[in-house]
Amino acid sequence: MKFARNVALALAVVSSSCVGAFSTSRINNAMNKASTNAATMLRETNGGLDTDLILPSFSTKDEYISYLKKAGALPDGFALGTAKGTFVSVEAPAMGPLPIKATVIHLTEGPTDSWAAVFTSNRFPGCPIKVGKDRLAKGHPLQALVINNKVSNVCPGGDGVAAAESVCAAVAEGLNLPGGANTVLPSSTGVIGWRLPAKELAEDVVPKAIEAIQADSAFAAAEAIMTTDRYPKLRSKTLSNGVRVVGVAKGAGMIEPNMATMLGYIMTDATIEKSKLQTMLSAACNRSFNSISIDGDESTSDTVVAIASGLKPLSSEDELQAALFEVCEGLSADLVRNGEGTGHVMRVKISNFPGSEYDARRMGRHLVNSPLVKCAISGNDPNTGRIAGAIGSFMGKFFPEESVDEMSLTLGGRTIFNNGKFVLEGQEVEEELSNHMADAQLGEHDDFPQHQKFVEIGIGFGGEGSDVTVLGSDLTKEYVAVNADYRS
């Protein structure tokens, strides 16, 4: 394994956010502070207890798993357990017994008011989303989270909210939580439309997860929440005064979030006010999970939660914000790289867009969601006209009055379009562009990320405007195969 660290490199996603009270300048200041001095020094001497800013290359799955386990040490005040079980779907009984997993995250020192969440804006949200929004709106403290895979509990027959609450009650009873089920936040992911197997979860899987609770590593949660994910995703950061931030996430398809991610959980032992944590989380989501797309479909279960045990003082809010950026941006890049059937990850850097950062991200997602662009990238085919065509389509539909005369395009660092004309100079350039794509290629069936390379696309509009970065994946036969047989 090549563990070469280069903390001076830019974050994988460097777009800035306009959410809440965080101006671009303040965000940039926070990022600059966090990437220098004490925090960086600690990273270099922390013995691998934090994930690197850019993950190293791995030659085997065991190397990757070992790396995550070492970097997954839980913050103070957290413990978690996972367990497996089976159920038979009411909607598809002929499929027979199906596997299901549950994860329980416990705040061991008591409930906390300091938690924040961002949920999907899909108009058909899952029942756990309804419960979570209610908990957040009413200001309930939390002492536990429970997550199940396989069934998402979205618009099911029967009472899905009651089913989610029954699982929360089982967690509260098993952990003897004084605040009861109201201090438990549920999440579900998996097949849409099926009833949650609440009885099996409450009576079998959740009790076994509670029995398995440990306070060592978050890795078990990263692994247990997966569905079609090919490998677990975990990121961590230790602040200069010892405060720890650890995040896990799942998601491989149905990914184009809007104000959330698929499922993501960020734990910290920092002492931070609830309102400030909410603002920080929203800003981090906006410039990470809201800047990615695998297939253009927004999930009905998107959730990201940040929760603080409050066991350590916080010396710098800017440093915590920067850590949240780093963890969320790292996880969002991991999600795209781990996308269903992904063979390449596109990184689109947009500069001086003549509009808001929100609209710049829309254009970036429009580009990475183009089936023609996706297929060209998949085949290592430098069909640059498809890139220009997708950009022109977006600008014509949504910004018809804005000039594109000064727009330039780069692919792999080479200028391919400038001043309204393509700059393509023969077979040598064709091979250079194709080789750039091939160098960034991943195995569609890989069960670990071998490298962190991107197909680099740059779009510059000249003048002044918004700068964002958007990540997207190509389109392969494997994506179709996975989604043609998802439920089994």
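1. Ground rules. This is a predicted model, with local features needing pLDDT of at least 70 and side-chain atom pairs counting only at pLDDT 80 or more, while totals for chains, interfaces and linings use all residues. Residues are numbered from 1 along each chain as its sequence is written, and side-chain values use heavy atoms, with hydrogens and water left out.

2. The overall count. Side chains of opposite charge can pair when their charged atoms come close. A salt bridge here is a side-chain nitrogen of Lys or Arg within 4 Å of a carboxyl oxygen of Asp or Glu. Searching the whole structure turns up 17 of them.

3. Asp50 and Arg244. Have a look at this pair, where the closest N and O atoms are 2.7 Å apart. Asp50 sits in the loop between helix H2 (37–45) and helix H3 (61–71), and Arg244 is in strand E7 (residues 244–250), so the bridge ties together parts that are 194 residues apart in sequence. Helices (H or I, at least four residues) and strands (E, at least two) are DSSP runs, numbered from the N terminus. Both ends are buried: Asp50 has a relative accessible area of 2%, and Arg244 has 7%. (Buried means under 20% relative accessible area, exposed over 50%, partly exposed in between, using a 1.4 Å probe and protein chains only.)

4. Lys312 and Asp269. In this salt bridge the closest N and O atoms are 3.5 Å apart. Lys312 belongs to strand E10 (residues 303–312) and Asp269 to strand E8 (residues 263–270), so parts 43 residues apart in sequence are tied together. Lys312 is partly exposed at 23%, whereas Asp269 is buried at 1%.

5. Glu456 and Arg347. Their side chains meet in a salt bridge at 2.5 Å, N to O. Glu456 is in strand E15 (residues 455–460) and Arg347 in strand E11 (residues 345–353), 109 residues apart. Glu456 is partly exposed at 23%, but Arg347 is buried at 12%.

6. Which residues are joined by salt bridges that share partners? They are Asp76, Asp269 and Lys312.

7. Thr268. The C-alpha atoms of Thr268 and Val243 are 7.2 Å apart. A polar atom of the Thr268 side chain also lies 3.2 Å from the backbone nitrogen of Ala270.

Note on methods. A polar contact is a pair of N or O atoms within 3.5 Å; within protein, one must be able to donate a hydrogen and the other to accept it, and residues adjacent in sequence count only if both atoms are side-chain atoms.
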